[in-house]
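Please look through the structure shown below, and then read the notes that follow it.

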Amino acid sequence: MYNLLKGKKGIIFGALNEHSIAWKVAERAHEEGATFVLTNAPVALRMGELNELAAKTGSQIIAADATSIDDINNLVEKSIEILGGKIDFVLHSIGMSYNVRKGKHYTDPNYDFTTKGWDISAVSFHKVMNVLYHKKAMNDWGSIVALSYMAAQRVFPDYNDMADNKAYLESIARSFGYYFGRDYKVRVNTISQSPTPTTAGNGVKGFDGFTAYAEKMSPLGNASALECADYTITLFSDLTKKVTLQNLFHDGGFSNMGVNDLVMDKFIEDK
Ligand SMILES: NC(=O)c1ccc[n+]([C@@H]2O[C@H](COP(=O)([O-])OP(=O)(O)OC[C@H]3O[C@@H](n4cnc5c(N)ncnc54)[C@H](O)[C@@H]3O)[C@@H](O)[C@H]2O)c1
């Protein structure tokens, strides 16, 4: 390991189980010398799996529903107390669509579900930054990262309203990132990750299909959760101080592909 985060303090949202991208980020951040608080929604903590990660990384857990400003206020205040100072890095690794979960089609959603999913998956990022910004909770040259998916730019029908939520999330990173950069020298970025077999990922209809397709189309193959964690660590480190307002593709090259030999051969065979 490289001690890339030695002495840095953070808050990590969204580790649910060992498959979660946030779980891998926590493990890697610990290996790189960071201390941090782990947080998730109260309902997710009931399963108790996060205790294992907390023990392994010497972290404390604070429950927070990321749609509640009161919960986020409490989280940020307690984190500063526990960690003994302001925050250097924050990971927002949160996504949920009730329309996906309840099998509602994109063309005929339940709009209460749409609003709830948008609040959880996108607006929560604004709320987290709102609290961090107004409490002046971030150290200079800190780094805030949220996780996104390419359905924000291209059509993946089964990704449903999460595509719209991700587009909104990426826009928040740019808009809030401007104020964070100008006022606190803090950078804000999103990482657009390959399809990854996690609880959220597997919840999307047709997930195996588009994972296999992306794997075949990407010159480097799909990026794993651990590889995503490695990339996230670089964005939390001092090696990327001037990277901000970006949506950064971490997908083995998939996002810039048009067609490749394998796909061409398949279509020629089928003709
Ligand atoms: N898995 C993929 O294919 C993939 C690809 C690109 C981006 N992403 C994104 O990565 C992020 C992490 O997802 P993951 O794949 O690790 O799955 P995951 O299911 O392990 O993580 C999603 C997390 O969101 C948390 N969450 C849900 N509602 C919440 C709330 N109200 N308050 C606080 N936390 C809440 C869940 O408890 C869970 O820990 C998400 O933003 C997801 O959209 C995933």
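Leu245 lies in the loop between α10 (225–236) and β7 (247–250), where helices (H or I, at least four residues) and strands (E, at least two) are DSSP runs numbered from the N terminus. This is a predicted model, in which local features need pLDDT of at least 70 and side-chain atom pairs count only at pLDDT 80 or more, while totals for chains, interfaces and linings use all residues. Residues are numbered from 1 along each chain as its sequence is written.

The phi angle of Leu245 is near 65 degrees, a positive value in a residue other than glycine. Trp141, which is found in strand β5, likewise has a positive phi, near 65 degrees, and is not a glycine. A residue is called buried if 20 or more other C-beta atoms, placed from the backbone, lie within 10 Å of its own, exposed if 12 or fewer do, and partly exposed in between. Leu245 is partly exposed because 17 other C-beta atoms lie within 10 Å, and Trp141 counts as partly exposed because it has 13 C-beta neighbours inside 10 Å.

| Residue | Phi | Other C-beta atoms |
|---|---|---|
| Trp141 | near 65 degrees | 13 inside 10 Å |
| Leu245 | near 65 degrees | 17 within 10 Å |

Around the ligand there are 27 residues, and the closest are Ser20, Gly95, Thr198, Ala200 and Gly201; a residue is near a molecule if its C-beta atom, placed from the backbone, lies within 6 Å of it. At least two residues of this shell come from each of α1 (21–31), β5 (138–148) and α8 (199–202), and α8 gives the most, with 3 residues.
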